[in-house]
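Q: I am new to this structure and would like to learn how to read it. Could you walk me through it?

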Amino acid sequence: MSREMQTVSWLGISIDVPAEWELLQFSRMAKAGNLAWADRYEFRLELTWKEAASAPDLDRIMDDYKASLVEEDQPAPQPTSWGTWQGLVDVQPGGMSRYGHYEESVGRLLELVFLWEKERDMDLEYAVLNSVKPVDHWQAFGLEVRTPQFLEMTECTVQPANVQWTFSDSKKAKHSWHFERMGMLDAWLNVPLAAWLLGKEPVDLIDRQPQEAQIAGHDLATVTGFVPALKFPQFSKRSGRFIGAAWVCPVDNRLYYASMIVPRDYEATPQLFGGSLRCCPACTSHSLAAS
Amino acid sequence: MTEDRKTWRLMLAGVPVANQAAKVTYVDNCARILVKRHKPHFLIAPLSWVIRPRLERTVELEALGTYVYELCDGKRDVERIVDRFCARYSLTFHEARVLVTSFLRGLVERGVVVIVSPERS
């Protein structure tokens, strides 16, 4: 199949979808939620999930769904399967294909629904179904982020030309990792990168150490320092380490920003550029070469 | 989502047409558009002797807005304008769609453009 695909990795599940389909709906809840992609005219694919302690009886779920359609005098879909996926496919053009699968590694029941404009594209269906696998990182909206597994996504803001993700260990409040991707730089970025980064620093940053470098064709500005700890900041002896980095990727001309506040003695601090946050193949290969 | 198959097709097929009666001037390459307004129908004497509404409205656009406004030539549909916008600013189609359509909605509310629906043209 020659169709160009893109990978989306979300809440431990990775899936390949056509490159021209954009992710327009998302939820952050691991217990139950959905992702939905649209081409330029309408929604084309929805992935929904629900936590389940053990594999549910998919045959019965499919039968119940089929029976509900028959009750509503709608044409009964045809049963189908692909690998571990079981499905029901509408017989009429412009219908939908539904597939269910229990992903044991994450303990979730997954459902994929394809909405076809005219004819069903079976090659595409199978390519998408084959691509679903467990992963340990996040990749969507142009961001590719790696964080320790004990962090969870606590904020996700998606606006045109502005995506922001925050990860934290919300109960312990020792870590806060933040990532941004911004576009339309010609319209608003009118200061040098280091000066822009200054505006993103915590106001109470001490022992501030800024640096500028060029790595793998990217102009990079970084800053490190110390800030009051996220929890009990009034106790001045407790402090967290702040690391921030910003760069403009020459491939998509977007500004990437990553920052983290971690405990002072946290040893597993990764590099931000190409490590925790990746923007393009050059960035990734630099990171892989460094490791 | 599957129950309600939302589509943007009709909205993208609309053709924005600039208000021909508006006067456009440029300051630093940014458009300043003077739009005439109708006198409210209830404003008749003697009420109109007291209340004197402004019969013109000035809409000032910044560079991005001016770019979109200039694309509203009555020939391009919204989809073509979105395509031009995402090519110029390296955005995805839906990023540009959200920006362009919300901006066009504002222009319509201010009487600067009208959207001609393909079903009515």
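Predicted model: local features only at pLDDT ≥ 70, side-chain atom pairs only at ≥ 80, totals over all residues.

Q: In which element does A:Leu58 lie?

A: Helices (H or I, at least four residues) and strands (E, at least two) are DSSP runs, numbered from the N terminus. A:Leu58 belongs to helix H1 of chain A, residues 58–71.

Q: Beyond its neighbours within four places in sequence, which residues is A:Leu58 in contact with?

A: Contact means heavy atoms within 4.5 Å. Setting those neighbours aside, A:Leu58 touches A:Gln86, A:Gly100, A:His101, A:Tyr102 and A:Leu109. Take A:Tyr102: its C-alpha is 8.5 Å from that of A:Leu58, although 44 residues separate the two in sequence.

Q: Where is A:Trp49, and what is its relative accessibility?

A: Look in strand S5 of chain A, residues 43–51, to find A:Trp49. Its relative accessibility is 6%, so A:Trp49 counts as buried. From A:Trp49 to A:Arg108 there are 59 residues in sequence, yet 6.1 Å in space, C-alpha to C-alpha.

Q: How many helices and strands does chain A have, and what share of its residues is buried?

A: Chain A has five helices and 20 strands. Of its 291 residues, 48% are buried. Its C-alpha atoms fill a box of roughly 70 × 40 × 35 Å along the principal axes. Among contacts between residues at least 6 apart in sequence, 45% in chain A join residues at least 24 apart.

Q: And in what order do the elements of chain B run?

A: Starting at the N terminus, chain B reads α-β-β-β-α-β-α-α-α-β, with five helices and five strands. Buried residues are 36% of its 121. In chain B, 61% of the contacts between residues at least 6 apart in sequence join residues at least 24 apart.

Q: What is the radius of gyration of chain B?

A: The radius of gyration is taken over C-alpha atoms, and the globule rule is 2.2 Å times the number of residues to the power 0.38. Chain B has 17 Å, while a compact globule of 121 residues would have a value near 14 Å. The C-alpha trace of chain B spans about 55 × 45 × 25 Å along its principal axes.

Q: What area is buried between chain A and chain B?

A: The size of an interface is often given as the accessible area lost when the parts come together. Here buried area is the accessible area (1.4 Å probe) that two parts lose on being put together, summed over both. Chain A and chain B bury about 2,200 Å² between them, and carbon and sulfur atoms give 55% of that. A:Arg40, A:Tyr41 and A:Met184 supply 33% of the area that chain A buries against chain B, more than any other three residues. In residue terms, 27 residues of chain A are in contact with 24 residues of chain B.

Technical notes
Residues numbered from 1 in each chain as written. Chains lettered and ligands numbered in written order. Heavy atoms only, no water. Buried < 20%, exposed > 50% of the residue type's maximum accessible area, 1.4 Å probe, protein only.
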